[in-house]
Amino acid sequence: MKGLDALVAETMAFAKSLEVEIERPRSLPKKVVEPGCLSLPDYGGSERDDIRKRVESFKAQQERFMREREEYANSLLRRIRSITKS
């Protein structure tokens with residue numbers, strides 16, 4: 001136990017002998033922005049235009065699917081009719 005107390009005392013003496021300076025970061029001066037200077041960032045178009053384009057693309061894809069289904073159904077019916085007439 002005496003050895004441990006001696007080690008703690010020695011460590012404390014060593015820590016006190018060290019002089020460490022800690023620099024605190026300097027706060028940057030705050031910039032004052034006038035209310036009239038603010039502008040919204042331009043992201044290359046409005047959200048409304050983006051949504052409209054997506055809806056148009058979706059409708060076009062759905063119409064294409066409908067056409068393909070109808071063409072497939074018609075071709076299947078033609079094949080069935082040709083088999084049943086014989």
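**Notebook: salt bridges and surface of a predicted model**

I began with Asp49, which counts as partly exposed at 37% relative accessibility; I keep in mind throughout that this is a predicted model.

I then looked for the partner of Asp49 and found a salt bridge with Arg52, the closest N and O atoms being 3.9 Å apart. The two residues are three apart in helix H2 (residues 47–85), so about one helical turn separates them. Arg52 is also partly exposed, with a relative accessible area of 41%.

Next I checked Arg54, which forms a salt bridge with Asp50 at 3.4 Å between the closest N and O atoms. These residues are four apart in helix H2, and therefore about one helical turn separates them. Arg54 counts as exposed at 58% relative accessibility, whereas Asp50 is partly exposed at 38%.

Further along I looked up Glu68 and Arg64, whose side chains meet in a salt bridge at 3.0 Å, N to O. Both lie in helix H2, four residues apart, so the separation is again about one helical turn. Glu68 is partly exposed at 39%, and Arg64 is partly exposed at 35%. The count for the model comes to four salt bridges.

Leu7 lies in helix H1 (residues 2–17) and is partly exposed, with a relative accessible area of 49%.

Finally, I recorded the whole chain: it has two helices and zero strands, and 0% of its 86 residues count as buried.

Note on methods. Residues are numbered from 1 along each chain as its sequence is written. This is a predicted model: local features need pLDDT of at least 70, side-chain atom pairs count only at pLDDT 80 or more; totals for chains, interfaces and linings use all residues. Side-chain values use heavy atoms; hydrogens and water are left out. Buried means under 20% relative accessible area, exposed over 50%, partly exposed in between (1.4 Å probe, protein chains only).
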